[in-house]
Amino acid sequence: MNASGTPLVEMRGISIAFGGIKAVENVSVDLFPGEVVGLLGHNGAGKSTLIKILSGAYPADAGEIAINGQAVAIRTPRDAKDNGIETIYQTLALADNIDAAANIYLGREKLTPWGTLDDAAMESETRKAMARLNPHFRRFKEPVSALSGGQRQSVAIARAIHFNARVLIMDEPTAALGPAETAQVGELIKQLKADGIGIFLVSHDLHDVFDLADRIVVMKNGRVVGTAAVKDVTQDDVLGMIIGGKCPPGATPGPGAVQGPGAAAGAAMPGGPAN
Amino acid sequence: MDLFRKFEIDPRLVGMLAALAVIWTGFHLMSGGSFLTPRNLWNLSVQTSAIAVMACGMVLVIVTRNIDLSVGSVLGVVGMLVGVIQARWLPEAMGLEHPLTWLISALAAMALGGLIGLFHGALIAYLVIPSFIVTLGGLLVWRGAAWWVTTGQTVAPMDGRFRSLGGSVEGAIGAGASWALGVAAIAAIVAAMMMARRRKQSFGFAVRPPAVEVAVIGVIVAAVIGVVMLFNAYPLPAPIARRVAEAQGTPWPEGGLFISHGFAVPMIIALVTGIVMSFVARRTTFGRYVFAIGGNPEAAQLSGVNTRRVLMHVYGVMGVLTGLAACITTARLNAATNSAGSLDELYVIAAAVIGGTSLSGGVGTIVGAMLGALIMQSLQSGMVLLGVDTPLQNIVVGIVLVVAVWLDTIYRKRLK
């Protein structure tokens, strides 16, 4: 991890509202190469909305995003991918009726010299990619609806890391997985980290985050409560941040932190759209 | 099942062909041998064409989880416009029976249909109005518009060359041309299969065993030759044959001459449409996106697919094909009437659904929809042949539609 120098991703003053509800309000976060940042918060805290802004699913109402210090405009998923930002969604976002290769290459298909789909080449590349992630995977010809949960997860991961991502966003990557597969995802994260990829890990599982993340960012009611290096805080501290919005001594408070001991915790704003 | 999968043969397709065989044999036996005749099958090919052309587009529409209820009415208004263009405007501008009249009319029909389709598509994709409502509105609007074109008057007759688009004697290409077409088709199919095979082998993927490949090619070649022979076995009626012979300077012998119909132009149009649309659906990014949207619209969008533009273009394609079908229908009637295409939307949807297109989206094939159109039309013309009353015909077709979808549902469940 390299916490000095130019951040890989810098989001400054990001805001978005849906029908008058401020789902994300003046949020600033950054991510360095080879770093894993855990994004924590309740349902409706705005963490999924925030990462959807970075992945281009929602264009932000206000704020700036810089990649390697360069300001970029991310308005669509295409823009995000062009900037090396890949996302593994909680829902996996796979088209169930087409096969693994078609999903992995969806939106950036390999074409033959005649401009037609080169399915054979895509399948060949997919076989290589899947051999690394899930060596037992054989069902290349079948629609992904026929695959198990773990296999579908591998397809979604393969899609995200196959195109030389610099930034990886993982939204609840282990929510649907068994213990063995969860451990596998943990190994993968460590490997990607070593390759210098920056990872945003969105999760509600504190154990996962404490195992894998270098830093945590806690959100509540669309705002950042605080940021802390994992080694400087305890799990209880973080729970206090998530539930009460109280920033412990080891953390850097954000605009969403409750000021002073007597302040009304969490009484203010309704949450954003469901995460 | 495993054998089908291993040899890459679609079991659903085999099932549909079997159903078609049962229907055809049944009608043949019940009608005392008048169904499976060159004449009846030739007529069947002509009658199926317009619906089959539109069914190709409807597959894409339904695959994206949408519907188009307006195709019959769009066919009506485009047919009227095309009638007016070639029977009133073009003769004034270029003279009667100008050699380009048919082409200009047909291109205009496809352009008009395409524009109407894009307009529907824009309302559905960008204004997010449900397709059911947009095209239900279209069903009413365009039927009314078809009346307004000539305030209800029928426009006739059509240009002579244009008429060949609808079949009839002008639209029969004859024995020699049919053989040429058959041979070209065989060459193209074999070349395409060989290329696909070589491509797979170059990546080290499994291919069918050579014996199976040869068998599949053999079946296809035999089928094409059989179809050519069948349509060539249907002679022109004597008076017309005599006119054709005299036009060629051949003396008319005592016993008459056997001059073949050969393929009908509308059938060729439908087959070419089917091939082009299959290619679009399976080999282009557009087709891939259509299916991805049907499988999971959100995933397609998050993958960077411009789902709205794709959806709008799907309706554009549907419109172009409806314009083409309007040419076939108008040419076949040799008249443009404002009621042309009434209820066609239902037959087109039924053809697509019988052909295995799932109304919940994401699943469907062009070849299935074309076979579906053929099954529907076979039922109808078979019942006409048997003298079944029209109300009973509708009852039978309706029941068959429901049963076909029920069987398909069972098949899909067993697949999982």
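Predicted model: local features only at pLDDT ≥ 70, side-chain atom pairs only at ≥ 80, totals over all residues.
Chain B has 17 helices and 0 strands.

| Chain | Span of the C-alpha trace along the principal axes | Buried residues |
|---|---|---|
| Chain A | about 65 × 35 × 35 Å | 50% of 275 residues |
| Chain B | about 65 × 55 × 45 Å | 45% of 416 residues |

Contacts can also be sorted by how far apart their residues lie in the sequence. In chain A, 65% of the contacts between residues at least 6 apart join residues at least 24 apart. In chain B, residues 24 or more positions apart account for 79% of the contacts with a separation of 6 or more.

## The sheets of chain A

Strands of a sheet pair through backbone hydrogen bonds, either parallel or antiparallel. One open sheet of chain A has 4 strands in the order S2-S1-S4-S5, and its pairing is antiparallel. Strand S2 (21-31) and strand S5 (70-72) of chain A stand at the edges with a single partner strand each, so one side of each has no neighbour in the sheet. On average, neighbouring strands of this sheet are turned by 30 degrees against each other, direction ignored. At one end of the order, strand S4 (residues 62-67) of chain A pairs with S5(A) in the antiparallel sense over 3 bridges. Ala66(A) stands opposite Ala71(A) in S5(A).

Another open sheet has 7 strands, in the order S6-S7-S8-S3-S9-S10-S11 (chain A), and its pairing is mixed. Its edge strands are strand S6 (85-88) and strand S11 (252-253) of chain A, each of which pairs on one side only. Within this sheet, strand S9 (residues 215-220) and strand S10 (residues 223-229) of chain A run antiparallel and are joined by 6 bridges. Val217(A) stands opposite Thr227(A) in S10(A). Helix H8 (residues 235-244) of chain A packs on the sheet, where it touches strand S3 (36-40), S9 and S10 of chain A. The direction of H8(A) makes about 25 degrees with that of S9(A).

## A helix pair in chain B

Two packed helices are described by the angle between their axes and the distance between the axes. Helix H11 (residues 265-283) and helix H16 (residues 366-385) of chain B pack at an angle of about 145 degrees, and their axes are 9 Å apart. H11(B) brings Gly274(B), Met277(B), Ser278(B) and Ala281(B) to the contact, while H16(B) brings Ile366(B), Val367(B) and Met370(B). By class, this contact of H11(B) with H16(B) has 5 nonpolar, 2 polar and no charged residues.

## Where the chains meet

The contact between the chains takes 20 residues from chain A and 23 residues from chain B. On the side of chain A that touches chain B, the elements that give two or more residues are helix H2 (77-82) and helix H4 (119-133) of chain A. H2(A) gives the most to this side, with 3 residues. By class, the side of chain A that touches chain B has 11 nonpolar, 5 polar and 4 charged residues.

How values were computed
Residues numbered from 1 in each chain as written. Chains lettered and ligands numbered in written order. Pairing = 2+ DSSP bridges. Axes fitted to C-alpha atoms, helices over the stretch in contact; angles between N-to-C directions. Contact = placed C-beta atoms within 7 Å. Nonpolar A, V, L, I, M, F, W, Y, C, P; charged D, E, K, R; others polar. Buried ≥ 20, exposed ≤ 12 C-beta atoms within 10 Å, placed from the backbone.
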